[in-house]
Amino acid sequence: MKGKKTDLLQGTLDLLVLKALAPKPLHGLGVSRRVEQITKGTFQVKPGSLFPALYRMEQAGWLASSWGESENNHRAEHYRLTKAGYRHLETETEDWQRTSRAIASVLQAI
Amino acid sequence: MPLMPRLVSLFRNLFRKDRAEQELIQELHAYLELMTEMKIKEGLKPDEARRAALIEMGGVEQVKERVREVMIGHYLETMWQDVRYGLRMLMKKAGFTATVVATLALGIGATTTIFSIVNGVLLRPLPYKDDARILTLWQSRTKSGVQREDVSPANFTDWAERLQSCEAIAMAEPFGHSMIGDGEPESFRSWVVSSGFFDILGVPALHGRTFLPEEYEPGRSQVVVLGYGLWQRRFGGDPNLVGQQLTLNGQPFTVVGVMPPQFQYPPGRELWAPRPPRENDRQIRGATYVKVIGRLKTDHAVEQAQAEIDSIARQMAQEYPQTNSNVGALILPIREYLVGHVRPALLIMFGAVCFVLMIACANVASLLLARAAERRREFAIRAALGAGQRRLLRQLLVESLLLASLGGGSGMLLSVLLIELIVTVNPGNLPHLDRVTFNGSVFVFAGVVSVLTAVISSLTPGLRIARPDLQETLRQEGHTTTFDRGRQRLRKFLVVAEVAIAMVLLVGAGLLVRSFVALLRVDPGFTTDRALTLEIQLGRIRAPEQRLAFMEQTLERLTQLPGVRTAGAASAVPFHDNQVMIPTAIAIEGRPQTLGQEPAAYVINVTPDYLGALGVPLLSGRTLTPFDRPDSSPVVVINQTLAELHWQTTDPLGKRITFQTFGRTVTCEIVGVVGAVLPSGLDSQPRPEVFLPYAQSPAGGMTYFVRTGSDPANMLEAVKGRIREVNPNQTFSSIATVEQMVDRTTSQRRFNLLLLGIFAGLALVLACVGLYGLISFTTAQRTHEIGIRIALGAERRDVLKLIIGQGIGLTLIGVATGVVVAFGLTRLMGSLLFGVSATDPLTFALIALLLTTIALLACYIPARRALKVDPLVALRYE
């Protein structure tokens, strides 16, 4: 649903950001647009949630940042996944899938 | 990298929040720009696009806030990690940590304790209102060099009328009130004070009130104010005492108030009564016995007041040439009067304890340097794993702050205990000791000292290891650490500094020891063991014959008491703490008088056996006897000081002197010369004295001097009992054995000696520990080398010489430096010394020898251990 602001669990947000950055590095706005894209508009990440998350994940070592040029020659901070970040993405994805399968089976059983 | 730029970059690294903030702002602006561009592409106008972008962002400030929160949260989390890591590290090396904490605790505890004394006695404001404006006024003698003495009532009256710089001025006269009533009759020493006294000091009564203006008028003045101590001790803190009547000096007096515990002016007495003006106040100009205080007018300065009173004194010298021709005036702010005399000693003690702290710091730094060597690998690995230099330095800072809190905390606990101890014992009769507590300022001081100490001690080693040369360090195998020349040099420097400081303190203590020994060897001029003194007031017995009868009867009973060898009494006894003695001018027959330079002496009324009981030697002529009656020819005995002053070549016996006593002029013949005694302490000087037979001049206040065969304290009740046989209501004051009196005069010196001795001892121990630590360490490092030497045929002697030689070298440099520094510093101690000069070569030499010997021992022990090493093991030691 376009325009609906949904509360995101912190872990979920991390997962989405990691997934968004997996293919190639992006700057801040690029990340939020990509997240919107891959969730087909379900989740819109506002800067108020995005930047704290980016800072945190950078401190944890999953992202690395550098100043670079975006399209239209604007300078912006670009983020990319580190090796540790890729590993974290794998483990988080497995965990998530396991959790959702478990919940799905509980819901079906009722 | 040199120290200063390193410190600067350290600061910049630790507080990099600003830079992070800047980066965030730039990032958000970039985001905003990109978003705006997107909107423009979608067809909005530029400013609409920007506004829409801002709304979608949710506001730049809010975003910044949220990122900031996460940043702080992260910082705190890593900080907490550092703390936990630091604690773990400290626990792992518990022995090491304990040593460091103990050393810090000792240094910080001692320093804090002395600071609290300095704070309580010297720094805190006095309990009197606006005490900087309260002045004490004194007379001085321009010719004889007496700097300050009490004032005479007539001079006070004139000063009060003429002095403009003070808005109020009042006097306090020493007095006595004897109380008879329920319980034991007791004589209280008291002050009678003139109008305005309490207002100048500005302290309200704790219970009740101070005197009303009308109570200073004759006939209305039978009221008293009690001191807190007296109220507690004698009246049990009875809250209903105010308003009740006491029988003092035979008259009913109403208690109108009780003062709070900190009100103690003038010091030493705890009862105040009003002193209405007397008729003869304007006549008594030569006798000086009142204490004067005044309150400075606002926006007047002390110097103005001093200048003004100087000119008033000069005027009065013209107006009253007989008495005031060499009388000047001195104004001291009240704080100066009350605590000025202990300031030099206290400041010296504070300096000494700071030295001890420096040694403790040096030891801690040395220990941390040694430890730093071990931790190089640890830090190199952490750096290789990605910890920034900022993080490593922060880790070190956290650890040093942990040490600071542990060491400082224990130090504060220690000082609380020590303060408690000192206040209870009050070993040196320090003034205002009750105001010494562990309060806010002391706590702040301790905190600052702890942090500074820990940071300085750990910064130097820390800075060296936080920038490890990774490759070099990681490549090393096993546990050997590089023999870092720089670090070794620093530790050697520290040890030399410690030895030098210890030397300075030991010399100071040595000088004090010699002073004390010299003091105790001084002959006071009379025998000081096994004697008892008690003071009585005969004021109520007016007639001279009755007074004489009283004294004769009491002395007769005392002499008959088993256990009493001799007994006498005098109006002033040496070393007595309440001597109010003023010199009397004497005229020597046949010698002309020069105005302002009359010979003077202290006139003391004595009973016949007194001089014998005191134990002064008779040098010529005869002593006083019971045959010197009121109607026989007037005679006196003089002491050697007076004889030498005026009769160097001739014989004083037979000469006559004229002087005033109790308002009468008498001319007496000198019949004997006795040895001089020291009047007020082992470091006082003998003064000219004239002994007048009591029969010929019965004074109202006499002190019994009872020489006993055994312990005088046991005889006290018996002595009192015998005297009470003559007057059952007799009250006594100032009861002490002569030994106690002598002790009292040396108590402050003893305290100084104790303190400085403790500090010097601490310094010595710490310095030796430092030396021992360094020598052990270097010896352990050179085990390999020693093994080779022994294998190649070196004798035990040679190896010993090698190791000890190193230690002795450092010690000698330290001792030499210490001697030089001590030479400069000990002259500051001048006021504390007695009978020995500040640069006494014997003391310096002995202490140097002592220190070198003990240091030798400290080096010898590790050296012996090194020798026990099996050369084969040493050779294999990596």
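# Legends to close-up views

**Not counting residues up to four places away in sequence, B:Leu106 touches B:Leu414 and B:Leu762, where a contact means heavy atoms within 4.5 Å.** This is a predicted model, in which local features need pLDDT of at least 70, side-chain atom pairs count only at pLDDT 80 or more, and totals for chains, interfaces and linings use all residues. Residues are numbered from 1 along each chain as its sequence is written, chains are lettered from A and ligands numbered from 1 in the order in which they are written, and side-chain values use heavy atoms, with hydrogens and water left out. B:Leu106 belongs to helix 5 (residues 94-123) of chain B; helices (H or I, at least four residues) and strands (E, at least two) are DSSP runs, numbered from the N terminus. With a relative accessible area of 32%, B:Leu106 is partly exposed, given that buried means under 20% relative accessible area, exposed over 50%, and partly exposed in between (1.4 Å probe, protein chains only). Although B:Leu106 and B:Gly408 are 302 residues apart in sequence, their C-alpha atoms are 9.3 Å apart in space.

**Helix 12 (residues 343-384) and helix 13 (residues 389-425) of chain B pack at an angle of about 145°, their axes being 12 Å apart.** Axes are lines fitted to C-alpha atoms, for helices over the stretch in contact, and angles run from 0 to 180 degrees between N-to-C directions. Helix 12 of chain B passes helix 13 of chain B in a right-handed crossing. From helix 12 of chain B the contact takes B:Leu368, B:Arg375, B:Phe379, B:Arg382 and B:Ala383, and from helix 13 of chain B it takes B:Leu392, B:Gln395, B:Leu396, B:Glu399 and B:Leu403. The handedness follows the convention that a crossing is left-handed if the near helix is turned anticlockwise from the far one by less than a right angle, and right-handed if clockwise.

**B:Ser152 is buried, with a relative accessible area of 0%.** This residue sits in the loop between strand 1 (134-141) and helix 6 (153-162) of chain B. A polar atom of the B:Ser152 side chain lies 3.0 Å from the backbone oxygen of B:Arg285. Leaving aside neighbours within four places in sequence, B:Ser152 is in contact with B:Gln139, B:Ile284, B:Arg285, B:Ala287, B:Thr288 and B:Val290.

**The peptide bond from B:Tyr265 to B:Pro266 is cis, with omega near -15°.** B:Pro266 is placed in the loop between strand 7 (251-258) and strand 8 (271-274) of chain B.

**A:Lys40, a residue other than glycine, has a positive phi, near 50°.** A:Lys40 lies in the loop between helix 2 (28-38) and helix 3 (47-60) of chain A, and its relative accessibility of 72% makes A:Lys40 exposed.

**B:Asp130, likewise a residue other than glycine, has a positive phi near 50°.** The loop between helix 5 and strand 1 of chain B holds B:Asp130, which is partly exposed, with a relative accessible area of 47%.

**Chain A has 4 helices and 3 strands, running α-β-α-α-β-β-α from the N terminus on.** Of the 110 residues in chain A, buried residues make up 42%. The mean pLDDT of chain A is 81, with 85% of its residues reaching 70 or more; pLDDT is the predictor's confidence in each residue, from 0 to 100. Over residues 1-7 of chain A the pLDDT is below 50, and this stretch has 8 contacts in the model beyond near neighbours in sequence.

How values were computed. A polar contact is a pair of N or O atoms within 3.5 Å; within protein, one must be able to donate a hydrogen and the other to accept it, and residues adjacent in sequence count only if both atoms are side-chain atoms.
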